[in-house]
Amino acid sequence: MSAKRIDGKAAALTIRQRVAELVSQFADKTGRPPGLATVLVGEDPASAVYVRSKNRATAEAGMASFAHNLPDTISEDELLQLVVGLNADDHVDGILVQLPLPKQINATRVIETIDPGKDVDGFHPVNAGRLATGLPALVPCTPLGCLYLLKTELGDLAGLDAVVIGRSNIVGKPMTQLLIGESATVTIAHSRTRDLPAVVRRADIVVAAVGRPEMVRGDWIKPGATVIDVGINRLPTDDGKGRLVGDVAFDEAAEVAAAITPVPGGVGPMTIAMLMRNTLVAAHRRAGLEDPEGL
Ligand code: NAP
């Protein structure tokens with residue numbers, strides 16, 4: 001391996017410590033800590049693990065955590081009423097509804113009901129539109145974490161060729177907007193892209209957000225490129241526990257790239273750190289304060 005391994009765990013810790021400092025300053029100014037409400041519907045084990053770790057991180061940052069765990073039989077109306085109540089609750093600065101939702105519930109309707117000022121996942125169309133038009137927005141946590149790692153690694157991204165593989169609303173599209181905002185030259189690739197290896201070979205920056213284990217091979221990577229692997233895929237193992245891999249064949253790509261994020265320990269921890277950051281930012285904006293510095 002010649003590439004530098006980008007340590008997302010360490011970067012996430014730095015952000016979470018800075019958030020915790022700023023949380024106590026916010027509480028001194030306003031008389032209350034920022035608050036994050038999480039909404040978990042049903043008992044999907046992966047979702048339950050994600051939400052628990054988000055609640056733990058919230059408490060560790062000194063913020064108030066409001067956990068709403070609902071049965072998967074809940075109706076859409078009941079869920080919408082909960083969201084409306086959270087919108088009106090002054091102690092709640094951020095609302096996170098864990099996806100996916102059960103099939104009787106229209107996730108778009110739920111997202112559109114969240115107050116855009118409390119939409120710490122950044123999925124509301126108002127926030128997506130604000131990001132796309134260069135206005136201050138709440139930006140989805142995973143691409144925000146990827147951008148933080150890229151800027152820490154590379155500094156100025158202006159003029160660099162970036163390829164984002166994946167066009168989801170959660171990762172690929174906002175990642176593209178963020179890179180355009182940094183004046184990178186961005187190509188967004190997806191399942192209909194022709195000759196993906198050739199497209200990726202042009203890139204100084206590769207962000208892979210596909211959900212296909214080790215799809216991006218070492219010989220797709222331009223020598224010296226920086227590779228951010230968003231994918232989280234579990235491969236079966238003999239002991240039944242499974243093994244997590246990304247969308248990039250790590251060992252091969254690390255022979256060619258200048259720097260690469262591992263899976264796990266790369267983008268994953270950054271997502272939660274950025275959720276804490278977004279909750280703090282939402283609290284500042286709601287309180288009429290300037291955005292916190294240094295995040
Ligand atoms: P998604 O909504 O399923 O989107 C996947 C994208 O990949 C789609 O745009 C799809 O193209 C594209 N794609 C599929 N097969 C392809 C192929 N053969 N060649 C090129 N593009 C292809 O997934 P997502 O929510 O963005 O998540 C992507 C991955 O990131 C998943 O592994 C997920 O678990 C992971 N993830 C990680 C974090 C984290 O915190 N680290 C957060 C979110 C997601 P089409 O649009 O043409 O179908």
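An oxygen atom of the ligand lies 2.6 Å from an N or O atom in the side chain of serine 168. A nitrogen atom of the ligand is 3.5 Å from a backbone N or O atom of histidine 190. A polar backbone atom of isoleucine 232 is 3.1 Å from an oxygen atom of the ligand. Taken alone, the ligand exposes 930 Å², and the protein buries 70% of that. Accessible areas come from the Shrake-Rupley method with a 1.4 Å probe; for residues, only the protein chains shown count as cover.

The structure is a predicted model, in which local features need pLDDT of at least 70, side-chain atom pairs count only at pLDDT 80 or more, and totals for chains, interfaces and linings use all residues. Residues are numbered from 1 along each chain as its sequence is written, and side-chain values use heavy atoms, with hydrogens and water left out.

The shell around the ligand holds 21 residues. The closest are Arg167, Ser168, Ser191, Arg212 and Thr271. By class, the shell has 9 nonpolar, 10 polar and 2 charged residues. Here Ala, Val, Leu, Ile, Met, Phe, Trp, Tyr, Cys and Pro count as nonpolar, Asp, Glu, Lys and Arg as charged, and the others, Gly among them, as polar. Helix α10 gives the largest share of the shell, 3 residues. Helices (H or I, at least four residues) and strands (E, at least two) are DSSP runs, numbered from the N terminus.

The largest nonpolar core has 47 residues, and its largest share, 10 residues, comes from α10. Such a core is a set of buried Ala, Val, Leu, Ile, Met, Phe, Trp, Tyr and Cys residues joined through side-chain atoms within 4.5 Å. Buried means under 20% relative accessible area, exposed over 50%, and partly exposed in between (1.4 Å probe, protein chains only). In soluble globular proteins, nonpolar side chains tend to be buried together. Val19, Leu150, Met175, Leu179, Val207, Ile228 and Met276 have the most contacts inside the largest core. The elements that give two or more residues to this core are α1 (8–30), α6 (141–154), β5 (161–165), α7 (172–181), β7 (205–208) and α10 (267–286). A second, separate core of 21 residues includes Ile165, Ala225, Phe250 and Ala254.

Methionine 175 sits in helix α7. Its relative accessibility is 0%, so methionine 175 counts as buried. Beyond four places in sequence, methionine 175 touches Pro143, Cys146, Leu147, Leu150, Val164 and Val207. Contact here means heavy atoms within 4.5 Å. Methionine 175 and cysteine 146 are 29 residues apart in sequence, and their C-alpha atoms are 7.9 Å apart in space. Leucine 179 is in contact with Leu147, Leu150, Leu157, Ala162, Val164, Ala184 and Val186, its neighbours within four places in sequence left aside.

Asparagine 55 lies in helix α2 (residues 45–60). Its relative accessible area is 15%, and asparagine 55 is therefore buried. The side chain of asparagine 55 makes a polar contact with the side chain of serine 65 (3.4 Å). A polar contact is a pair of N or O atoms within 3.5 Å; within protein, one must be able to donate a hydrogen and the other to accept it, and residues adjacent in sequence count only if both atoms are side-chain atoms. Residues up to four places away not counted, asparagine 55 touches Thr38, Ser65 and Ala67.

Glutamate 76 belongs to helix α3 (residues 76–88). At 13% relative accessibility, this glutamate counts as buried. Glutamate 76 and arginine 109 are 33 residues apart in sequence but 8.9 Å apart in space, C-alpha to C-alpha.

Backbone geometry was also examined. Most residues other than glycine have a negative phi, and most peptide bonds are trans. The bond from leucine 99 to proline 100 is cis, with omega near 0°. Proline 100 lies in the loop between β4 (94–97) and α4 (107–113). Valine 263 and proline 264 are also joined by a cis peptide bond, with omega about 0°. Serine 183, not a glycine, has a positive phi of about 65°. Serine 183 is partly exposed, at 44% relative accessibility.

Methods
A residue is near a molecule or strand if one of its heavy atoms lies within 4 Å of it.
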